[in-house]
Amino acid sequence: MPASDTSDLTAALRAALAAGTRDAFAALLTADVLWGNESCSGRAEVSACYAGLLAAGLRIAELTESDDGHLLLTLRMAAPDPAQLTFRLTPRDGLIAAIVELGRPPRVELLYFDGCPNHETFLPHLRQLLAEHAVTAPITLIRVEDDEDARHHRFLGSPTLRVDGLDVDPGAAGRDTFGLQCRLYRTPDGTRGVPADEWILDALGDPCHHAGDR
């Protein structure tokens, strides 16, 4: 991509970010744009992911042009969950064709209570699943001790797996059955005592999930 075209896109992106609207950002995307490993694709889905970041309180920190023709965009997220995110943007024909987040491993938390048989078998499986998909994020183990602790952690049962603070179970939102209990999941393969692998991989690789309400 010619340097002048990259500069034009940089200027247009700065203006779109300053505008702070989904439509302004969507206008700079190719029709087949990808965000992440194809988990968000197409202008409508990717602009929805951006809208999720807007809702979470993003603030532009820096936008630079790299030597290899990419754009590097650094954003800061506002409280109550402050974070700094860096993205590599791939230009094509004066628009953004791909967006990849760099350098921030996901936060993986496994909540359980002592003696839960499903947790004991799930943990080694989870470690193997992460290794097979080259996910290097550490697993934080959170032991829930009693019902009060369960309410504090919003614990729906053992095992509960969260990525960046969100339950990997797509059906968990809005539930409040907190307590020391074994958890059952209604997965595509039937009712099981552990979450489905596809839910875990979606949560690890899907920026739309990460940008949701925390």
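This is a predicted model: local features need pLDDT of at least 70, side-chain atom pairs count only at pLDDT 80 or more; totals for chains, interfaces and linings use all residues.

Biologist: How many helices and strands does the chain have?

Modeller: Helices (H or I, at least four residues) and strands (E, at least two) are DSSP runs, numbered from the N terminus. Here the chain has seven helices and 12 strands.

Biologist: What percentage of the residues is buried?

Modeller: Buried means under 20% relative accessible area, exposed over 50%, and partly exposed in between, with a 1.4 Å probe and protein chains only. Of the 214 residues in this chain, 41% are buried. The accessible surface, computed by the Shrake-Rupley method with a 1.4 Å probe, comes to about 11,100 Å² for the chain, and 50% of it belongs to carbon and sulfur atoms.

Biologist: Which share of the contacts joins residues 24 or more positions apart?

Modeller: A contact means heavy atoms within 4.5 Å. Among the contacts in the chain with a separation of 6 or more, 54% are between residues 24 or more positions apart.

Biologist: How is the length of a helix such as H4 judged?

Modeller: The expected span is 1.5 Å times one less than the number of residues. Helix H4, residues 117-132, has 16 residues and reaches 24 Å from its first C-alpha to its last, close to the expected 22 Å.

Biologist: Where does H4 have a kink?

Modeller: The bend at a residue is the angle between axes fitted to the seven residues ending there and the seven starting there. In H4 a kink of about 25° lies at Leu123, shortly before the proline Pro124. After H4 comes Ala134, with a positive phi near 55°.

Biologist: Which residues of H4 are buried, and what covers them?

Modeller: An α-helix has 3.6 residues a turn, so residues three or four places apart point the same way. In H4 the buried residues are His119, Phe122, Leu123, Leu126, Leu129 and Leu130. Their cover includes strands S7 (108-112), S8 (139-143) and S9 (160-163), together with helix H6 (197-205).

Biologist: Why does His119 count as buried?

Modeller: His119 counts as buried because its relative accessibility is 9%. Apart from neighbours within four places in sequence, His119 is in contact with Leu110, Tyr112, Ser158 and Pro159. A cis peptide bond joins two of these residues, Ser158 and Pro159, with omega about 0°. Pro159 is found in the loop between helix H5 (147-153) and S9.

Biologist: In which sense do S7 and S8 pair?

Modeller: Two strands pair if DSSP finds at least two bridges between them. S7 and S8 have five bridges and pair in the parallel sense. The chain crosses from S7 through H4 to S8 in a right-handed β-α-β crossover. Right-handed means that, with the strands pointing away from the viewer, the path from the first strand over the helix to the second runs clockwise.

Biologist: What is the order of the strands in the open sheet?

Modeller: The open sheet has four strands in the order S8-S7-S9-S10, with mixed pairing. S8 and strand S10 (166-167) stand at the edges with a single partner strand each, so one side of each is left without a neighbour in the sheet. S7 and S9 run antiparallel and are joined by four bridges, and Leu111 has Thr160 as its bridge partner in S9.

Biologist: With which strands does S1 pair?

Modeller: Strand S1 (residues 29-35) pairs in the parallel sense with strand S6 (residues 95-102) over three bridges, and Leu29 stands opposite Ile96. S1 also pairs with strand S2 (residues 40-41), in the antiparallel sense over two bridges; there Trp35 stands opposite Cys40.

Biologist: Is Asp93 buried or exposed?

Modeller: Asp93 counts as exposed because its relative accessibility is 76%. Asp93 lies in the loop between strand S5 (83-92) and S6, and has a positive phi of about 55° although it is not a glycine. Arg154, in the loop between H5 and S9, is not a glycine either and has a positive phi of about 55°.

Methods:
Residues are numbered from 1 along each chain as its sequence is written. Side-chain values use heavy atoms; hydrogens and water are left out.
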